[in-house]
Amino acid sequence: MNTEKLNFTVPSKARMFSFVLMAVGLLSIILMFLTDHVEGDENYHHTRAWSNVFAGSFFFMALSLAAAFFLGLQYAAEAGWSTTIKRVIEAVTMYLPWGLSFMMLLFILGQFHVHHIYHWMADGIATSGHENYDEAIANKIGYFGTFWWVRTILYMFGWLWFTLKLRKNSLEADKLDIDINNSFHWKNIKLSAWFMVLFAVTSSTASWDWLMSIDTHWFSTLYGWYVFSGMWISAIIAITILVVWLKKVGYMEFVSESTMHDMGKWMFAISFLWTYLYFSQFMLIWYADIPEEVTYFQTRWESYKALMWTVLFVNFAFPMVMLMSRDTKRNFFFLMFVGTIIFIGHYLDVIMMVMPGTVGHYWTGLSWMEFGNFFFFLGLFIYVVLNALAKAPLLVKNHPFLQESLHHST
Amino acid sequence: MAKKKFVIGCFDNEDVLFPAVKKVRTAGYKIQDVYTPFPVHGLDHALGMRETSLHTAGFIYGVTGLTTAISCISWIFTKDWPLNIGGKPHFALPAWIPIMFELTVLFAAVGMVLTFCYLCQLAPGVKKHHFHARATDDTFVMVIECTDKTNTDDLQAFLSNAGALETNLQIAEEGWWFGRYDQDEMPFESTQIVAA
């Protein structure tokens, strides 16, 4: 094994690329805020611009959170195949503090009425007689307000604590010459087991609180898993693309083709999980046909039909056809190509979750705003993740499954 | 079926087995099969077997299941017995998707299992010769088919050189026959009697 290639330094080209993305993105965000208004509607305050920033913040935050979940899953299941790419998964999780900061900033701005993404944050929403009064929301206002803020802060601290702790243990283990009792590994297994429990509950409740409450009148118990499957596949794609890229620039030759094949299988499988949950939610609502439930799909069907079909096609039919065969899952170009497209598909899925509840029928189709905003967050994500990657060797040193992973073959 | 002469070589390690397979094949011997305790990835390629067409069969079964589901439901709900269910159209595709999916999976899964059993000649009451009992435990057993011209002593020596821990000559039935393992001959009981 080529040991000098274990320490990653961010190539200047990649750093440049991330800066260009951020610059272009920042420029479009500024332009977006300058140009985004609707003639004749005084209640429309840059809603689309704010929703875009929200979607970008959420997508990449959720992605790194799902990567933390994926890492925890490897520990909890005592999986051996993934040890060679563990550092890449960890690097992706290191965006979580950034993502959560953006979310927190947006929440605080919303509470001070700078943007109107959350209907229930409006003044006097639960005060009878007020012009903003909404009876349906007033009846469940106990779940929002202070209680919502307590939950939000708990999620953020919980996730951050586990993620940073997992990373810290992993780095500590590297400092030892030899870890005879695998003490750090056992610590991480315990941490991960608890994190799985926390994540199982909070991934659902957080998506209700942060995304579903945009459509405050509407509710769906399946929504949490639907959001979760979307963020999980995005994380898997981000990890896969990173490893393929690292191999291309000459690092990580120790990652076997079989490990990449397994990542391809995950990509394929979780695409189906997403489709399954998406369709389950749609079909039950379509079948029951209850007015307060169908509103969700009605807005989407009326003003977002093209996007809705695009999302379904890109995230379901495309990976199904492209990743079915063993050969395509082992072809790095294919993995990268298919992965990139599904990655964008799942970003559009988040757009589909946010926009209809905020922008509504003012939507005019995808435009440079969505892409420019996406570029900013993508650039930041790349910058943060590559820097995190450069901070530790690309291969873990003291891990009981290291040899198993190096010889992994399927 | 016909009885044939076989030479078997037992290996205890994949890393020895793969080069041995290569050596035996380049030497021109015909490997009947390699029996392993667990699936060994890449062994099929090393043995030069053609890719299985089981997945093509699976695809055909799946399409059959899908067609069955669509044609059945659409005929029942639009022609044979149209029902008004919650004001939905008679041709209510979203509601059928779960059934279409399930039938696709059912046909593909059951069909593939049966095809697999057929290809491997497995069925209740069907018996085949076991070349070595430890092929089900911890040993990779390479079976080489001999002709009249094969010098079996040379072959056994060749296998030992290639890393086989144990070799022997067997005259055995190649195909299957009806029989029972508890009553019929049990090749693995008679051969290994260990003195106390």
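**Ground rules.** I number residues from 1 along each chain as its sequence is written, and chains are lettered from A, ligands numbered from 1, in the order in which they are written. Since the model is predicted, local features need pLDDT of at least 70 and side-chain atom pairs count only at pLDDT 80 or more, while totals for chains, interfaces and linings use all residues.

**Entry 1, the sheet of chain B.** I looked up the strands (E in DSSP, runs of at least two residues, numbered from the N terminus). Four of them form an open antiparallel sheet in the order β2-β4-β1-β5. At the edges I found β2 (30-35) and β5, each pairing on one side only. From one strand to the next the twist averages 25 degrees. I count two strands as paired if DSSP finds at least two bridges between them.

**Entry 2, the partners of β1(B).** I then followed β1 (residues 3-11) of chain B, which is joined to β5 (residues 166-173) by eight bridges, running antiparallel. Lys3(B) has Glu173(B) as its bridge partner there, and Ile8(B) stands opposite Asn168(B). Towards β4 (residues 140-145), β1(B) makes six bridges, again antiparallel. In that pairing Phe11(B) faces Phe140(B).

Helices here are DSSP runs of H or I with at least four residues. Axes are lines fitted to C-alpha atoms, for helices over the stretch in contact, with angles from 0 to 180 degrees between N-to-C directions. The crossing is right-handed (the near helix is turned clockwise from the far one by less than a right angle). Contact residues include Phe60(A) of α2(A) and Phe377(A) of α14(A); contact means C-beta atoms, placed from the backbone, within 7 Å. By class I noted eight nonpolar, four polar and two charged residues. Ala, Val, Leu, Ile, Met, Phe, Trp, Tyr, Cys and Pro count as nonpolar, Asp, Glu, Lys and Arg as charged, and the others, Gly among them, as polar.

Gly360(A) follows α13(A), with a positive phi near 65 degrees.

**Entry 5, where the chains meet.** Five residues of chain B are in contact with seven of chain A. On the chain B side I noted three nonpolar, two polar and no charged residues.

Key. Two residues are in contact if their C-beta atoms, placed from the backbone, lie within 7 Å.
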